[in-house]
Amino acid sequence: MFVKVEQDYEAMSQRAARIVAELVRQKPAAVLGLATGSTPVGLYRALIQIARDERLDFSRVTTFNLDEYEGLPAQHPQSYHEFMRENLFDDLGLGPRQTHLLDGMADDLTAECVEYEEKIRRAGGIDLQVLGIGADGHIAFCEPGSSLAGRTSIVSLHPQTIADNARFFDDDERQVPRRALSMGVGSILEARCCLILANGSNKAAAWAQMIEGPVSSRIPASALQLHPWTIAISEPNAAAQLTMLPYYEHVDRELADQPALPPWIERPDLDPRRRFASWAATASGGLSPVRPDVLH
């Protein structure tokens, strides 16, 4: 995991946006995994500005969002469909054929989750997954106690998540949906690169446990320690409880010229998980538990 601390929220957002922009330059038909919430808004704002200033073309990009509330139509002002349209899609010119979000109004929610996984597979897998972290350590809507190998599914929201999200519903917790559809931790870990952001002192404990604590379902984000290329960027308040902060800052300086993206973005054969997948398939008589089909 590459741990980076920027001077403030704006600098954090700019650095993250530059990573996403570099991916699109390297791979114009990139597949992006996107997150909602207040933290990535700065990233999206900076990315829109980069696209305008540098004429970065997003016409071949495909996107998949992490989650959506159950029972909210796409046009609802607090749906994640509407959030993405307002904060990114419209300004980048991303049309409906390019963007994919879970349907919280689907007649068969279980089938919706299964089909979403299939859509990601057909797109070739996610190149870069943008993530935020909850104060309780959740990513997407994978709450504490979630399986670290879980797939896209229907989830019950933690009371803390409901309380945290009440600010988007006129500070009325009764309006916040109790369930959602969400990618699982296992789905997230299949992305070729993960980019997770944290802002604010209320995230400090979870951020420190994600980076320095044990891998545990109590802090679902800690599973990112097992990913071969996770970039964790925060501002100082979120980084305040990191015990190894001087070392992370030293590493960031020393590796200033290191590429922001893994080499397997352009050379899929270099992905270490492909080699493990091949070994696992041989060891299990052809049955691979790590789904090499998405590691193109």
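**Note on helix packing and selected residues**

1. Apart from neighbours within four places in sequence, Leu34 is in contact with Tyr44, Thr63, Phe64, Asn65, Leu66, Met84, Leu88, Phe89, Gln129 and Val130; contact means heavy atoms within 4.5 Å. The model is predicted, so local features need pLDDT of at least 70 and side-chain atom pairs count only at pLDDT 80 or more, while totals for chains, interfaces and linings use all residues. Residues are numbered from 1 along each chain as its sequence is written, and side-chain values use heavy atoms, with hydrogens and water left out.

2. Leu34 is part of strand 2 (residues 31–34). Helices (H or I, at least four residues) and strands (E, at least two) are DSSP runs, numbered from the N terminus. Leu34 has a relative accessible area of 3% and is therefore buried. The term buried means under 20% relative accessible area, exposed means over 50%, and partly exposed lies in between (1.4 Å probe, protein chains only). From Leu34 to Met84 there are 50 residues in sequence, but the C-alpha atoms are 8.8 Å apart in space.

3. Next, the helix pairs. Two packed helices are described by the angle between their axes and by the distance between the axes. Here an axis is a line fitted to C-alpha atoms, for helices over the stretch in contact, and angles run from 0 to 180 degrees between N-to-C directions. How do helix 1 and helix 2 cross? The axes of helix 1 (residues 9–26) and helix 2 (residues 41–54) come within 8 Å and cross at roughly 55°, so the two helices are oblique to each other. For the angle classes, under 35 degrees counts as roughly parallel, over 145 as roughly antiparallel, 65 to 115 as roughly perpendicular, and the rest as oblique.

4. The crossing of helix 1 and helix 2 is right-handed. A crossing is right-handed if the near helix is turned clockwise from the far one by less than a right angle, and left-handed if anticlockwise. Helix 1 contributes Tyr9, Glu10, Ser13, Gln14, Ala16, Ala17, Arg18, Val20, Ala21 and Arg25 to the contact, and helix 2 contributes Val41, Gly42, Leu43, Arg45, Ala46, Leu47, Ile50 and Glu54. Sorted by class, this contact has 10 nonpolar, 3 polar and 5 charged residues. Nonpolar covers Ala, Val, Leu, Ile, Met, Phe, Trp, Tyr, Cys and Pro; charged covers Asp, Glu, Lys and Arg; the others, Gly among them, are polar.

5. Helix 2 also packs with helix 3 (residues 80–92), at an angle of about 15° and with the axes 9 Å apart. Helix 2 is therefore roughly parallel to helix 3. This crossing, of helix 2 and helix 3, is left-handed. On the helix 2 side, Val41, Tyr44, Leu47, Ile48, Ala51 and Arg52 meet Phe83, Met84, Asn87, Leu88, Asp91 and Leu92 of helix 3. The contact of helix 2 with helix 3 has 9 nonpolar, 1 polar and 2 charged residues.

6. In helix 7 (residues 204–212), the buried residues are Ala204, Ala206, Trp207, Ala208, Met210 and Ile211. They pack against strand 1 (2–5), strand 9 (193–198), strand 10 (230–234) and helix 8.

7. Asp252 is in helix 8 (residues 245–254). With 16% relative accessibility, Asp252 counts as buried. Which side chain does the side chain of Asp252 make a polar contact with? The partner is the side chain of Arg15, at 2.9 Å. A polar contact is a pair of N or O atoms within 3.5 Å; within protein, one must be able to donate a hydrogen and the other to accept it, and residues adjacent in sequence count only if both atoms are side-chain atoms.

8. The loop between helix 7 and strand 10 holds His227. His227 is buried, at 5% relative accessible area. Its side chain reaches the backbone oxygen of Leu189 at 3.5 Å, and a polar atom of the His227 side chain lies 2.9 Å from the backbone nitrogen of Trp229. Gly213 is found in the loop between helix 7 and strand 10, and Gly213 is buried at 18% relative accessible area.

9. Two residues have a positive phi without being glycine. Ala140 has a phi of about 50° and is found in the loop between strand 6 (128–132) and strand 7 (153–156). Asp171 has a phi near 55° and lies in the loop between helix 5 (159–165) and strand 8 (179–182). Are these residues buried or exposed? Ala140 is buried, with a relative accessible area of 10%, whereas Asp171 counts as exposed at 63% relative accessibility.
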